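These are my notebook entries from an afternoon of looking things up in one structure.

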Amino acid sequence: MNIALFLPTISGLAINPASWLAKKHNECNDWNLCRKEALENNLMQIEKIASAERYLAYTIKLLKELTKDELSLLSDSDIASQRAMMWLSFCRTYPLIGKFADTVINQKFNHHDFLLSTGDWNEFLSRESHEHQEIEDIGKTSRAKARSVLFGNLRNVGYLSSSNELKEAALSREVASLIGSDIRYFPVFMER
């Protein structure tokens, strides 16, 4: 397994376009048709076609990790639930990020240690390199980019402040019930 493929390089979770795409996919069940219509309507609001295509492909990649019920919730719910669905899809798309969310973010939150630092990311990668030797081959620039995307996306969904303090994910009962054990990816107080 090439773990570098499991590090994000594009920032942002594009909640509004993702919601539109989820709704469109629920109607037609065809990601190619969704992509075509999104490009025709400039859904991503990006001038350069190549950039719009790249960002659209990234967003669809995230959405493909959600179940039909999760896509329905994303397409027709409040902003907190939409953010939760996009964070969930991000963690599922990038297993290393998901593991970081579970073993670092969730654990820190439950130990009332709300400050998330660069060191937390670096220590996590160091621990993971014992299990995945290929992490040692990831350059400093790629590690920093992945951390920047991770922290940016945490801010985008409202789970991290500008001063890097973790904030509790306000998950509705519907979201919590739907995601089940994947609640481990969220900064929430859990009974263990």
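This is a predicted model: local features need pLDDT of at least 70, side-chain atom pairs count only at pLDDT 80 or more; totals for chains, interfaces and linings use all residues.

**Entry 1: Ser129**

I started with Ser129 and asked what it touches once residues up to four places away in sequence are not counted. I found Ile135 and Glu136, where contact means heavy atoms within 4.5 Å. Ser129 sits in helix α7; helices here are DSSP runs (H or I, at least four residues; strands are E, at least two), numbered from the N terminus. Its relative accessible area is 4%, so I wrote it down as buried. My cut-offs are under 20% relative accessible area for buried, over 50% for exposed, and partly exposed in between (1.4 Å probe, protein chains only). I also checked Ser129 against Asp182: they are 53 residues apart in sequence and 24 Å apart in space, C-alpha to C-alpha.

Residues are numbered from 1 along each chain as its sequence is written, and side-chain values use heavy atoms, with hydrogens and water left out.

**Entry 2: α7 against α8**

Staying with α7, I looked at how it packs on another helix. Two packed helices are described by the angle between their axes and the distance between the axes. For α7 (residues 118-131) and α8 (residues 140-156), I got an angle of about 125 degrees and axes 11 Å apart. That makes the pair oblique. For the record, under 35 degrees is roughly parallel, over 145 roughly antiparallel, 65 to 115 roughly perpendicular, and the rest oblique. The axes are lines fitted to C-alpha atoms, for helices over the stretch in contact, and angles run from 0 to 180 degrees between N-to-C directions.

The crossing of α7 and α8 is right-handed. Which residues of α7 and α8 make the contact? On the α7 side I listed Thr118, Trp121 and Leu125, and on the α8 side Arg143, Ala146, Arg147, Leu150 and Phe151. By class, I noted five nonpolar, one polar and two charged residues in the contact of α7 with α8. Nonpolar covers Ala, Val, Leu, Ile, Met, Phe, Trp, Tyr, Cys and Pro, charged covers Asp, Glu, Lys and Arg, and the others, Gly among them, are polar.

**Entry 3: Gly139 and Leu154**

Gly139 is in the loop between α7 and α8. At 35% relative accessibility, I put Gly139 down as partly exposed. I then moved along to Leu154, which is in helix α8. Is Leu154 buried or exposed? It is buried, with a relative accessible area of 0%. Setting aside neighbours within four places in sequence, I found Leu154 in contact with Trp87, Ile105, Leu116, Tyr159 and Leu160.

**Entry 4: α1 against α3**

α1 (residues 15-28) and α3 (residues 49-63) pack at about 60 degrees, with axes 10 Å apart. That makes this pair oblique, and its crossing is right-handed. From α1 I noted Ala18, Leu21 and Ala22, which meet Leu56, Thr59, Ile60 and Leu63 of α3. The contact of α1 with α3 has six nonpolar residues, one polar and no charged ones.

**Entry 5: α4**

In helix α4 (residues 68-75), I found Glu70, Leu71, Leu73, Leu74 and Ser75 buried. These buried residues pack against α1, α2 (31-40), α3, α5 (79-93) and α9 (173-179).

How many disulfides does the structure hold? I counted zero, taking a disulfide as a pair of cysteine sulfur atoms within 2.5 Å. For Cys28, the closest cysteine sulfur is in Cys34, and at 3.8 Å it is too far for a bond. Cys28 is partly exposed at 27% relative accessible area, whereas Cys91 is buried at 1%.

Asn29 has a phi near 55 degrees, a positive value in a residue other than glycine. Asn29 is in the loop between α1 and α2 and is exposed at 61% relative accessibility. Asn164, in the loop between α8 and α9, has a positive phi as well, near 65 degrees.

Technical notes: A crossing is left-handed if the near helix is turned anticlockwise from the far one by less than a right angle, and right-handed if clockwise.
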